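Open the model in your viewer and keep the selection panel at hand. We will go stop by stop.

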Amino acid sequence: MAVAQAVVLWRGVQLVLMGQATPGDLLVFFTYLKVAFKPMRQLAKYTGQIAKAIASGERIIDLLEKVPDVRDSKGAQIAPAFRGDICCENVTFAYGSYDSSQSALRGLSFHAQPGEQIAIVGPSGGGKSTLVSLLLRFYDPIEGGVRIDGHDIREYTLASLRQQISIVLQDSVLFSASVRDNIAYGALGGKAKKITDEQIEAAARLANAHEFITQLADGYETILGERGSTLSGGQRQRIAIARAAIRNAPIVILDEPTTGLDSVSEAAVSEALNRLTQNKTTFWISHNLRTVQQADKMLYIEQGRILERGTHTELMRRGDRYAKLYRLQAKATEYPQPYLLNPA
Ligand code: ADP
């Protein structure tokens, strides 16, 4: 650009000296030249971004065209309202091709009564997330099956199964929409638009979120940043809990929902979770054993197998893996009070 300008200036000055152009002509020409170059310079700047956008667009098309591994079975029915009795029978599952030495879950069985609180604990890579993925039918077992209220979940449509399960993950996904819409989104199946302000507020109160929401610039109408970036981690989790509460599903899955929060936020989120899971069959994955020690039942999963099961007290008395891990964590962290899961 600088070279081009120098050449134009040199030739322009020559023309002025020869009397073939006035200094005014040169000035106007020079100004137009600069104006014309600007968009060209910007275009060059954006070509990199345009190439990236095209690549992303192709990736989106690939994803949209991907046929999901799990689909509605032939003759799948709309699930009736669940009571929440869940039975996992001899479930084996492997990612990719089946190889018994590589299985993520190996002949796993358990029974959860309606309203029971089940903590899923154990070392990383043991199979905890895989187990809850099977409840949601993100994958189907290679052997065995999952039954809800006595029926194999493959009998039901995916949508009607998943509508009856609420999920709160470690890093909940919020949208760049109003707080209200982010909460109402929990009520799937076209019901989101019919949710009243009272229902939104009740869910937010249950989730310990009403107070901070009313302090936001536009209250429930405040538009959140991309992925909820304008809120703290604890606030995002409380909106996610309000969203789960609106769904009022009989089954709740919690996957490390308090991990990464400071102790004050963790207490507020734990309290909200206790309310959310009241009388719901709950599966709470946690690496922090203190958080879930009041659960009705612990499943200690390692290498795809349930190696220990029972209440916290029973497993401590047993003095094996769970007890060792608990003592190790108790030494490393010092909480004055354990968080309660649905205290009586
Ligand atoms: P946890 O939740 O207890 O940390 P996971 O269920 O995530 O354990 O993982 C169980 C096993 O399955 C691990 O060996 C892990 O590497 C493997 N695994 C998990 N997700 C995938 C995946 N999407 N593809 C392939 N292997 C996976």
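Two strands count as paired if DSSP finds at least two bridges between them. Helices (H or I, at least four residues) and strands (E, at least two) are DSSP runs, numbered from the N terminus. This is a predicted model: local features need pLDDT of at least 70, side-chain atom pairs count only at pLDDT 80 or more, and totals for chains, interfaces and linings use all residues. Residue numbers start from 1 along each chain, as its sequence is written.

**Stop 1: the whole protein.** Show everything as cartoon. The protein has 11 helices and 10 strands. Of its 344 residues, 31% are buried. Buried means that 20 or more other C-beta atoms lie within 10 Å of the residue's own; 12 or fewer is exposed, in between is partly exposed, and C-beta atoms are placed from the backbone.

**Stop 2: the open sheet.** Select residues 86–93 and 143–148. These are strand 1 and strand 4, and they pair in the antiparallel sense over five bridges. Look at I86: its bridge partner in strand 4 is I148. Now widen the view. The sheet is open and has four strands, in the order 2-1-4-5, with antiparallel pairing. Which strands stand at the edges? They are strand 2 (105–112) and strand 5 (151–152). Each has a single partner strand, so one side of each is left without a neighbour in the sheet.

**Stop 3: the ligand.** Select Y95, A104, S124, G125, G126, G127, K128, S129 and T130. These residues surround the ligand, each with its C-beta atom, placed from the backbone, within 6 Å of it. The shell divides into two nonpolar, six polar and one charged. In this count Ala, Val, Leu, Ile, Met, Phe, Trp, Tyr, Cys and Pro are nonpolar, Asp, Glu, Lys and Arg are charged, and the others, Gly among them, are polar.

**Stop 4: S129.** Stay with this shell residue. S129 lies in helix 3 (residues 128–135). S129 counts as partly exposed because it has 18 C-beta neighbours inside 10 Å. Leaving out residues up to four places away in sequence, S129 touches D255 and I285; contact means C-beta atoms, placed from the backbone, within 7 Å. I285 is 156 residues away along the chain, yet the two C-alpha atoms are separated by 7.6 Å.

**Stop 5: helix 8.** Select residues 233–247. Finish on N248, which follows helix 8 and has a positive phi, near 50 degrees.

Note on methods: Two residues are in contact if their C-beta atoms, placed from the backbone, lie within 7 Å.
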